[in-house]
Amino acid sequence: MSISLEVMLQLAILIPLLATFVIYVTGKNQNLRETVTIITSLCLFYLIVNLYQGVISGAIISAFWWELLPGLDISFTIEPLGILFALIASFLWIVTTIYAIGYMRSHQEKNQTRFYLCFALAISAVMGIAFSANLFTLFIFYEVLTLSTYPLVTHAGTDKAKKGGRVYLGILLSTSILFFLLAIVITWFVAGTLDFTSGGVFSDDVDLGIASILLVLFIFGIGKAAIMPFHRWLPAAMVAPTPVSALLHAVAVVKAGVFTVLKICVFIFGLDLLSVLPSAQFLLYLAGASVLLASIVAMKQDNLKARLAYSTISQLGYITIGALLATSSGVIGSSMHIAMHAFGKITLFFCAGAILVAAHKSKISEMRGLGRQMPLTFIAFFIASLSIIGVPPTGGTWSKWFLLVGTLETEQWVLMMALMLSSLLNIAYLLPIPFYAFVPCSPSNNSAIYKSISNDSKFTMAGIKEGPLLSLFAIGITTMACLILFIYPQPLFELATAVLGVKE
Amino acid sequence: MIAHLPILQVIVPLMAAPICLLLKRTQLAWLFSIIVSCIAFIISLFLLQQVMVSGVITYELGGWEAPWGIEYRIDKLNALLLVIISSISTLVLFAAHTSISKEINEDKQVFFYVLYLLSLTGMLGIVATGDAFNVFVFLEISSLSAYALIALGNDRRAIWAAFQYLIMGTIGATFILIGIGLMYQMTGTLNMEDLSQRLPQVAQTHTVFTAYVFVIVGVCLKLALFPLHLWLPNAYAYAPSVVTAFFAATATKVAIYLLIRFTFSVFGVSFSFTTLPLQTLFLILGLAGIFAGSIAAIYQSNIKHLFAYSSIAQVGYIIVAFSTSTVTGLTASLLHLFNHALMKGAIFLALAAVVYRLGNAQLNSFYGLGRQMPFTMAALVIGGLSLIGVPLTVGFISKWYLLLALIENGWWFATVLVLLGSLLAVVYVWRIVEVAYFREPLNKDSSVKEAPLSFLLPIWVLIFANIYFGIDTRFSLQVAQEAAVSLFGVTP
């Protein structure tokens, strides 16, 4: 290995940024353009894996870019949580790119160059968020991420896309300006520093009232975490092409939100301060309500992507709860759930996209019996659903386990009930989809689709019409990951515990 | 030569104006104006550099000593202003020739340059001089040429707008003159430095009090503080586009400079902020300006109108920062003075480019412009983001300081209102973005092309500055901070 880890850290942010130019230049030739994207994503993953090994071996990796204002600088440092997030995002970027090539071509989307360009830009911003050494740097990349994903959300350019983009940008920008920025300025004013510090930045005699208000401002300000009153942007963002929904709105953007929440809870407030803040209790209940309500709303959605979006909101609530519980199992559960949910949800979105491309269906009610046509897709959907619900043999089991332990430890019985109940609701809104796809068993509902399928009810190979091969391949990878993470969660668990290890 | 820089700063464009008239050919006049403006810019840079190194520069006009003769006095504050004015003026001039070829009649184009240079002279003079009456003289030079420049607009409403501005501007100038007269009556001097020493002795008199009020009201009319802003939107909207770009970036800044100068240097902080409830008054009016301006901007269908109202809101921010009367607040004011000039210069030049291609700046002309004029619209979007205050643009820097200043004073309510105000900016900027990028162009003919280079060059220089000074804040922050500290003098 010839380049030092510090350089790698900076390259991790710069390479996707650089790729945007190359993608722009090679935009005319779509094969070349997509090769560039794939190579970039592979390079990025290679870098992150190297950095991961560096972190594991205990190296302290940091880089300083520029002092914007006295005391406020753009600088980066790697800690376990950041590398965890970066690993997931960079790995899934490769998979999503493979998927996107299949999807975008067979869906014949326009402006594909802009699509890949903004995608690379967003990934660069995600890397910046993951590695930022202080709140100020994080805020800058947070805003870059919002702005760079706007063209992706509005990709279709229709009136619906425009409306969705308006909600998307409106909520994310206004919460970040109104609450997040305010909270940052107040933190800077009270604590005199914005650096992420183990155990928090506030001194012991900080006014609990101010800290309480700050916590509320932070949680509301990080609109990307989609806590209930500010969640509308996520369903609105579903007008985007499916790869965008898959990577950005199941992984990168929303995880950037909860990642920021975790970072702030652990490194700005510190778990000790957090556990005595009166507003934390209020926010816990709010997040709990968010988990339950979003699950209930998800049940009523007929559009598959909308249902998945509300499911994401609910799952993000889990992560926020874990962070706010201010116990080690809570934080471990949250960190692991970032990963587990990422793999599960991206698979679900991939499946949704494949169904749209192959069968041109986006409504759940129209998917009955589709299992015969797309068996692999629906098997993947089933496994990913299990991971989201949190039952063996899938990775989701572990994170939900730790989250429940966290609620037990802090004796938050109400929250525990909320989490359990929500898991039941997960079963109710996810599992029927693959179930009815294979067993279209309601002859009373004799729609045209049902008839056409029951005509050749015999399962034949000829009846199979899966999505594009590349997309299917991507689905396979993420589904396998869901299963592997159940058997082999150790690396993830070690990283998650190391998040707290830094603290002591 | 170096010793004469303060006067050269003003006299060069003043002398150049009549020469311009003699040149007759517009092309020549244009080139000549650019050269003159460039020279002014270089002089201002020298002055700034000198001030930063060796402190205040004084220059006695005609060798007459200070309290009797006219003194030019350059400190950090006005050195910064000189740089802002002359740089924007130069950049705007680059685009002027192309722009006015479509907006002003052939036979009046030479007059445009004459008036432009006079206006430049006036602004530079107001800033450079250290004599209160001289301020009034230059104020009239810049205002009179401004009225004529606005009236050059090819829309017939331009004349009415110019007339409105004439009336309001004259009232403002008269108020300032009355104020200066009253000060002279009490102290027998017109030199600002001298005034600042003599005024405290008579500070408790009604006359001085009245003088201050007259000056402040007059200046506030000029800087378009809510509710004295009514002249501004029409004047900006119907003036020739380059004139708007020049004025939006500089004219109100000069008036704000006067407000700061009279409040801090002439009357002194202790007088200005103790005898009058100025803090509360400015805070309320500033906030009202932010909301009145931003909300009005949202409902405009003429984009020049829209950004004119946005200017009123931005003046509101500067005044809110000013009202904190702390070093941080004043730093925020000065930073935003500089930063807003960069944003609005870029935005209005981009609008000038749109007007050049489409003939007007109505919202429906922007349909589909994102494809037809990609570079111009990208500039407009970045300028808009800067206006909103997105990080890595200058807008963020000044907003950061403004928020710090407000929190320092414990003005929580105002802090939240300021943030809400920037959300309104998101709304009015995004109206344009949506139209430009999501609508199909109204007339599908491909006659609408990217703006010529003479537009793109100055626009992108300014946009680059918007980003550069949003990242490398050393220059702007150092000047603003040191100017603020020195304005507060001994009383911190």
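How many residues of chain B are in contact with how many residues of chain A? In this predicted model, 33 residues of chain B are in contact with 31 residues of chain A, where contact means heavy atoms within 4.5 Å. Residues are numbered from 1 along each chain as its sequence is written, while chains are lettered from A and ligands numbered from 1 in the order in which they are written. Because the model is predicted, local features need pLDDT of at least 70 and side-chain atom pairs count only at pLDDT 80 or more, whereas totals for chains, interfaces and linings use all residues, and side-chain values use heavy atoms, with hydrogens and water left out.

**The two chains**

- Chain A has 20 helices and 2 strands, where helices (H or I, at least four residues) and strands (E, at least two) are DSSP runs numbered from the N terminus.
- The radius of gyration of chain A, taken over C-alpha atoms, is 22 Å, close to the 23 Å that the globule rule gives for 504 residues, so chain A is as compact as a globular protein of that length; the globule rule is 2.2 Å times the number of residues to the power 0.38.
- Chain B likewise has 20 helices and 2 strands, and its radius of gyration of 21 Å is close to the 23 Å that the globule rule gives for 492 residues, so chain B is as compact as a globular protein of that length.
- Along the principal axes, the C-alpha atoms of chain A fill a box of roughly 75 × 55 × 45 Å, and the C-alpha trace of chain B spans about 70 × 55 × 40 Å.

**Burial and surface**

- Of the 504 residues of chain A, 64% count as buried, and of the 492 residues of chain B, 65% do; buried means under 20% relative accessible area, exposed over 50%, and partly exposed in between, with a 1.4 Å probe and protein chains only.
- The accessible surface of chain A comes to about 17,400 Å², of which 67% belongs to carbon and sulfur atoms, and chain B exposes about 17,000 Å², with carbon and sulfur atoms supplying 67% of it; these areas come from the Shrake-Rupley method with a 1.4 Å probe, and for residues only the protein chains shown count as cover.

**Where the chains and domains meet**

- Chain A and chain B bury about 2,900 Å² between them, 81% of it on carbon and sulfur atoms, buried area being the accessible area (1.4 Å probe) that two parts lose on being put together, summed over both.
- B:W400, B:E434 and B:F438 supply 23% of the area that chain B buries against chain A, more than any other three residues.
- The domain assignment of chain B gives domain 1 (1-276) and domain 2 (277-487), with bounds that come from an automatic or database domain assignment.
- The contact between these domains takes 53 residues from domain 1 of chain B and 46 residues from domain 2 of chain B, and the two bury about 4,400 Å² between them, 82% of it on carbon and sulfur atoms.

**The nonpolar core**

- A nonpolar core is a set of buried Ala, Val, Leu, Ile, Met, Phe, Trp, Tyr and Cys residues joined through side-chain atoms within 4.5 Å, and of the 399 residues in the largest one, A:F131, A:F269, B:F112 and B:W400 touch the most other members.
- Domain 1 and domain 2 of chain B both give residues to this core, so it lies between them.
- Leaving aside neighbours within four places in sequence, A:F131 is in contact with residues including A:L9, A:I48, A:F76 and A:I83.

**Individual residues**

- A:T40 is found in helix α2 (residues 30-56) of chain A and counts as buried because its relative accessibility is 7%.
- A:A226, in the loop between α7 (208-221) and α8 (233-236) of chain A, has a positive phi of about 55° although it is not a glycine, and at 0% relative accessibility it counts as buried.
- B:A224, in the loop between α8 and α9 of chain B, has a positive phi near 60° and counts as buried at 1% relative accessibility.
- The peptide bond from A:P392 to A:P393 is cis, with omega near 5°, and the peptide bond from B:F226 to B:P227 is cis, with omega near 0°.
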